[in-house]
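Subject: A structure for you to look at

Hello,

Here is the structure I promised to send over. Have a look around first, and then read my notes below.

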Number of protein chains: 2
Amino acid sequence: LDYQHVQVPFEITLWIMLASLAKIGFHLYNKLPSVVPESCLLIFVGLIMGGIIYGLNDRSPPVMDSDIFFLYLLPPIVLDAGYFMPSRPFFENIGTILLYAVVGTIWNVFGIGFSLYGICQVKAFRLQDVSLLHNLLFGSLIAAVDPVAVLAVFEEIHVNEKLHILVFGESLLNDAVTVVLYKLFRSFCEMPTIKSVDVFAGVGKFFVVGLGGVLVGLSFGFTAAFTTRFTKDIRVIEPLFVFLYSYLSYLTAEMFHLSGIVAIISCAMGMKRYVEANISLKSHTTVKYFMKMWSSVSDTLIFIFLGVSTIGDNHEWNWPYICFTLIFCLIWRALGVLVLTFFVNRFHVNTITSKDQFIIAYGGLRGAICFSLVFLLPDFHRKKLFIAATTVVILFTVFIQGMTIRPLVDLLAVKRKRESAPTVGEQIHIRFLDHLLAGIEDISGHWGQYYWKDKLEYFNSKYLQKILLREYDQPKSSIVLLYEKLERKHAIELAQAGQLGHGPAHPSFLCSAFLCSSRDRTVITDQKLEDTPNPDVLDNMQEILARNLYRIRRTGPAYNRHTLPGDSEPTEQAKEILILRHKSL
Amino acid sequence: LDYQHVQVPFEITLWIMLASLAKIGFHLYNKLPSVVPESCLLIFVGLIMGGIIYGLNDRSPPVMDSDIFFLYLLPPIVLDAGYFMPSRPFFENIGTILLYAVVGTIWNVFGIGFSLYGICQVKAFRLQDVSLLHNLLFGSLIAAVDPVAVLAVFEEIHVNEKLHILVFGESLLNDAVTVVLYKLFRSFCEMPTIKSVDVFAGVGKFFVVGLGGVLVGLSFGFTAAFTTRFTKDIRVIEPLFVFLYSYLSYLTAEMFHLSGIVAIISCAMGMKRYVEANISLKSHTTVKYFMKMWSSVSDTLIFIFLGVSTIGDNHEWNWPYICFTLIFCLIWRALGVLVLTFFVNRFHVNTITSKDQFIIAYGGLRGAICFSLVFLLPDFHRKKLFIAATTVVILFTVFIQGMTIRPLVDLLAVKRKRESAPTVGEQIHIRFLDHLLAGIEDISGHWGQYYWKDKLEYFNSKYLQKILLREYDQPKSSIVLLYEKLERKHAIELAQAGQLGHGPAHPSFLCSAFLCSSRDRTVITDQKLEDTPNPDVLDNMQEILARNLYRIRRTGPAYNRHTLPGDSEPTEQAKEILILRHKSL
């Protein structure tokens with residue numbers, strides 16, 4: 001036995017296997033996932049496993065490594081989120097999302113930081129050694145809403161598209177703010193004195209980190225699109241480029257201390273339309289499928305690890321600090337959403353209702369990002385208190401808020417997502433209105449979103465498409481593409497329906513010949529009677545053969561001296577074929 | 001800049017990216033890959049890169065890590081090979097393959113080992129310090145034909161199925177022999193005295209290593225099939241299980257010092273038919289696509305690393321030893337094939353022709369497995385000589401034999417692979433003959449391959465299918481499955497053909513309405529005239545709309561007071577639809 005040799009890949013494979021099996025297990029009982037979100041169940045599995053490891057080894061189970069989390073587990077989830085991001089609602093609400101993500105997060109960080117500092121001044125709580133800077137640092141890591149947790153819960157409750165994109169977009173884009181504030185306060189904690197220059201440099205970093213991320217992401221995205229122009233002869237490695245370039249964009253951004261999340265999202269959104277047009281249909285299925293699979297596994301592993309890491313001696317319990325952290329997290333988020341939405345609603349016709357505001361505030365779940373950041377803190381004497389408080393906030397938001405949000409959405413009758421996709425007619429009308437509004441904005445000299453969208457579309461078709469698309473001389477109109485897609489789907493459905501349709505059974509020569517052969521076979525080796533194909537299968541075959549014999553029949557009469565082509569018989573036959581194979585026509 | 005932090009994943013991603021880009025580069029010039037096999041080009045790229053690294057750093061570039069090779073690069077290739085192994089020719093020729101793989105490899109090992117020992121006795125060559133055991137050890141690593149190299153060359157030359165499976169099957173199954181002999185001689189080298197017990201134990205190990213591998217592989221394969229019974233609700237992680245279980249089978253086998261290659265092949269072949277039936281169509285596309293992609297990348301990386309590792313100061317040059325190694329490798333293989341085929345041909349009706357024998361002997365390419373094994377040797381003073389000899393043999397076989405085998409196959413007019421898939425009629429006849437032969441064997445009491453195949457099929461449908469398949473009560477006959485597959489393919493082709501068919505253009509209300517809207521648009525913002533959809537696209541749309549208006553026209557006359565259903569007009573229309581959409585009917 002040589003376990004040492006294979007240990008690393010073996011344990012990784014086993015962990016992934018465990019995560020996948022846990023997922024299967026939950027879905028075997030259909031009722032469970034409809035009540036409890038999967039994330040809660042996974043954390044629960046993690047808690048049990050952590051307990052077992054703790055019990056057996058008598059020491060804390062290993063904590064989720066922050067490097068593993070940020071380098072290997074987070075990117076697949078964010079890539080998936082970026083690639084499948086509905087771009088229309090995202091760009092329509094980009095202003096509101098940025099307001100929540102930037103101003104809202106700063107508001108939360110300072111709100112939570114200062115009020116916790118206030119709590120620390122109460123002598124009875126014995127917290128006077130926690131400085132303002134430490135509180136702000138803690139605020140910067142606990143304030144950020146977590147995209148993984150939000151996605152896990154909101155994917156199951158199906159709220160309307162706008163509400164979903166507001167919460168989810170915020171959770172993604174606040175990464176830039178979190179990165180800056182967290183690193184700023186951490187470096188302040190280690191500095192002897194803080195100059196005002198440092199504070200201004202910090203403000204400047206916001207733009208560098210955010211816009212730098214976008215720039216890195218877009219450049220990798222366009223390079224990816226450009227690369228897939230040349231893969232026509234080796235279709236099999238096309239999917240690879242989508243993954244490689246987006247991962248490189250994330251790593252490059254992290255390397256330069258930019259926002260990796262923002263970079264990978266920009267990369268995915270930038271390359272999507274070009275890559276889709278360049279690569280083959282099967283490659284695209286593989287890309288989509290693999291992305292979903294990978295993010296789903298990452299997500300599962302993160303929640304299990306979160307559960308495992310909770311168990312152990314890493315915690316210092318202090319009732320007031322932990323309780324007030326939880327309370328402040330809830331209060332400041334609610335206040336922030338109220339105030340910001342008030343301003344947003346003044347400038348928009350399509351306002352955010354108070355129900356929506358409640359769900360936005362209530363959906364601010366914390367997750368694995370906070371958890372990894374708190375473990376990345378430099379060692380100081382109250383680190384264990386921060387870990388305990390973070391753990392409590394995460395477990396509270398994921399378990400209590402995550403489990404009650406679905407009943408609340410039902411209770412408040414929050415507007416749901418429409419189930420059906422828009423019809424072709426609707427899409428044409430939307431397109432028409434876009435053109436119209438762009439024209440109106442152009443005439444009135446208002447540089448609104450339609451104006452910019454139109455400009456971008458123009459730039460895209462004039463320059464980008466020619467560089468990035470393989471068949472740039474024939475860019476297919478989106479309506480033609482949609483038609484092709486629908487037609488393909490329809491054809492497959494027809495093929496499957498034709499399979500199931502019960503036509504009249506005509507046991508024919510070919511059919512009986514086949515039956516004979518299989519019967520002969522049973523006569524020859526008479527000991528295994530069970531071997532005969534069962535009657536269902538035989539019926540099935542008879543049907544198929546009977547249906548296909550139309551072809552033979554049809555070629556017959558066409559050469560007949562006595563009947564003309566177009567006579568009653570072939571017509572009936574054509575109709576019969578139509579009825580049999582194309583019920584939907 | 002924080003490179004340390006992201007170094008590991010960044011460099012891995014860059015290597016994979018380089019490999020993929022190199023692949024694209026070769027395929028941009030169509031003529032190159034048709035003359036030089038890809039493996040040669042990749043080694044060449046590796047040599048150049050190695051040279052650059054050597055020139056810049058002034059020390060040997062890093063050698064391909066044997067652990068990385070055996071744990072991460074080899075499994076995807078073998079998994080792909082096992083999963084797509086054509087099982088019928090493989091099992092029909094299993095006896096011959098095993099003879100070549102086991103007896104042939106032992107023959108080569110001892111032949112090369114003893115004759116090199118003979119060379120070492122010549123005083124002029126200054127090789128008297130290389131003992132017999134060391135020569136045998138060297139023989140055990142240099143004798144094994146490499147599946148990666150064989151696959152890379154034979155996939156491009158398209159020889160007939162039997163010849164292909166003989167060479168390729170041998171290269172896969174000789175792993176068990178290589179593992180045993182290599183480990184045996186290595187432990188003998190380190191032992192002070194060798195007892196006869198050890199030798200017998202070595203012989204016993206053959207069976208343990210080979211059969212153990214099969215057992216481990218099959219048990220993981222069946223577990224995988226069993227697991228996919230329960231994934232109906234979470235289709236998205238289905239492909240994962242195929243990869244996880246097969247990788248686990250490889251690692252488990254390696255852990256117990258069994259043959260990992262044999263294990264992963266058994267796993268893949270064992271699970272294939274059940275997994276295919278259980279998982280969804282899209283999952284299966286993803287599995288197949290990803291397997292091909294992964295193995296293709298691994299393969300590329302291996303050859304590039306092989307090139308890079310060749311450069312450096314790891315070599316000790318000794319003309320006689322290296323030349324004689326090369327000559328003995330060629331001679332002993334040729335002799336082995338001749339002798340073994342002589343025996344094989346005596347017991348078979350369908351003999352192996354002398355042309356085929358030449359290609360089998362000539363196709364015995366060496367590759368990365370030898371290379372990794374020679375670096376895994378324990379340190380002793382002549383290790384560098386062995387490394388040099390191995391490198392020369394690999395480069396000679398891959399470059400000289402790999403590049404000349406295609407012209408030789410053309411010159412000798414070796415029977416090629418038939419291009420077209422067998423028709424349904426042929427398949428039915430083959431099935432019928434199988435049944436007939438099984439019956440004959442049963443009556444005559446001869447336990448031949450048909451008898452065993454029949455027994456296995458019976459066991460499969462009686463027990464295995466019921467346990468491993470989801471819909472075990474309705475196991476679809478393979479002919480029904482084939483029909484479904486053909487029908488689906490046909491439907492997609494129809495949809496695409498309908499797309500291209502030029503029906504009569506009927507500019508209609510809907511169509512012109514759409515055109516109007518887009519023309520209005522250009523009138524409103526008259527500055528961008530280039531924005532109008534180009535005429536091709538408009539023609540395309542007109543066509544599509546015209547074709548689909550049939551549906552509207554058809555519902556019209558059906559309610560007309562003056563015409564009866566079945567009147568001339570709808571019939572013509574049905575025929576037109578038929579002609580337009582079902583040209584193949």
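A word on terms before the numbers: accessible area here comes from the Shrake-Rupley method with a 1.4 Å probe. With that in hand, chain A exposes about 28,000 Å², and carbon and sulfur atoms supply 66% of that area. Please keep in mind that this is a predicted model.

Staying with chain A, its secondary structure consists of 23 helices and zero strands. The chain has 585 residues, and 51% of them count as buried. If you take the contacts in chain A with a separation of 6 or more, 82% are between residues 24 or more positions apart.

Now turn to chain B, where you can find a nonpolar surface patch of about 780 Å². Among its members are B:Trp107, B:Ile327, B:Ile331 and B:Phe343. Which helix gives the largest share of this patch? That is helix 14 of chain B, residues 319-346, with eight residues. B:Ile331 sits in helix 14 too. Its relative accessible area is 40%, so B:Ile331 is partly exposed, because that class lies between the 20% limit for buried and the 50% limit for exposed.

You will find B:Lys485 in helix 20 of chain B, which covers residues 478-500. Is B:Lys485 buried or exposed? Exposed means over 50% relative accessible area, and B:Lys485 has 54%, so it counts as exposed.

Happy exploring!

Terms used: Residues numbered from 1 in each chain as written. Chains lettered and ligands numbered in written order. Predicted model: local features only at pLDDT ≥ 70, side-chain atom pairs only at ≥ 80, totals over all residues. Heavy atoms only, no water. Patch = residues over 30% accessible without salt bridge, like charges linked within 9 Å, V, L, I, M, F, W, Y side chains within 5 Å. Salt bridge = Lys/Arg side-chain N within 4 Å of Asp/Glu carboxyl O. Helix = DSSP H or I, 4+ residues; strand = E, 2+ residues; numbered from the N terminus. Buried < 20%, exposed > 50% of the residue type's maximum accessible area, 1.4 Å probe, protein only. Contact = heavy atoms within 4.5 Å.
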